Amino acid sequence: MEDIAAIAHMTPHAFCKYFKKHTRKTYITFLNEIRIEQACKMLIHGLSENVSDIAFKTGFNNVVNFNRVFKKITKVSPSEYLMQHKIKDMN
């Protein structure tokens, strides 16, 4: 947060308020959406051996938090997401 606020020449608090006003979501929510989007691509393309590896590669510090955020954004768990896309690829 400090780094992105510095790039914008703002304090972290001012950046958060500005970001939310213009996007209607918090910076953390936005960042998590980007991370989960990248994780989805990694899952679909088989770019990693396991979910925990993908969690760490996309910037999450632990798998439990990754799974919680993934399910909140996609409405399914990472393994369910992968199964849904494998079924689509078979059709």
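1. A pair to start with: Phe 15 and Phe 19 are four residues apart in helix 2 (residues 12–23), so about one helical turn separates them. Helices here are DSSP runs of H or I with at least four residues, numbered from the N terminus. Both Phe 15 and Phe 19 are buried, meaning under 20% relative accessible area with a 1.4 Å probe, protein chains only.

2. Before going on, please note that this is a predicted model, where local features need pLDDT of at least 70, side-chain atom pairs count only at pLDDT 80 or more, and totals for chains, interfaces and linings use all residues. Residues are numbered from 1 along each chain as its sequence is written, and side-chain values use heavy atoms, leaving out hydrogens and water.

3. There are eight aromatic pairs, counted when ring centres of Phe, Tyr or Trp (its six-membered ring) lie within 6.5 Å; planes under 30 degrees apart are stacked, over 60 edge-to-face and the rest tilted. Phe 15 and Phe 19 are tilted, at 5.7 Å centre to centre and 40° between the planes. Phe 70 and Tyr 81 are edge-to-face, at 5.6 Å and 80°. Because Phe 70 lies in helix 5 and Tyr 81 in helix 6 (residues 78–90), this pair ties together parts 11 residues apart in sequence.

4. Phe 60 is worth a look too: the charged end of Arg 35 sits over its ring, 5.6 Å from the centre. The rule asks for NZ of Lys or CZ of Arg within 6 Å of the ring centre and within 35 degrees of the ring normal.

Terms used. Helix = DSSP H or I, 4+ residues; strand = E, 2+ residues; numbered from the N terminus. Buried < 20%, exposed > 50% of the residue type's maximum accessible area, 1.4 Å probe, protein only.
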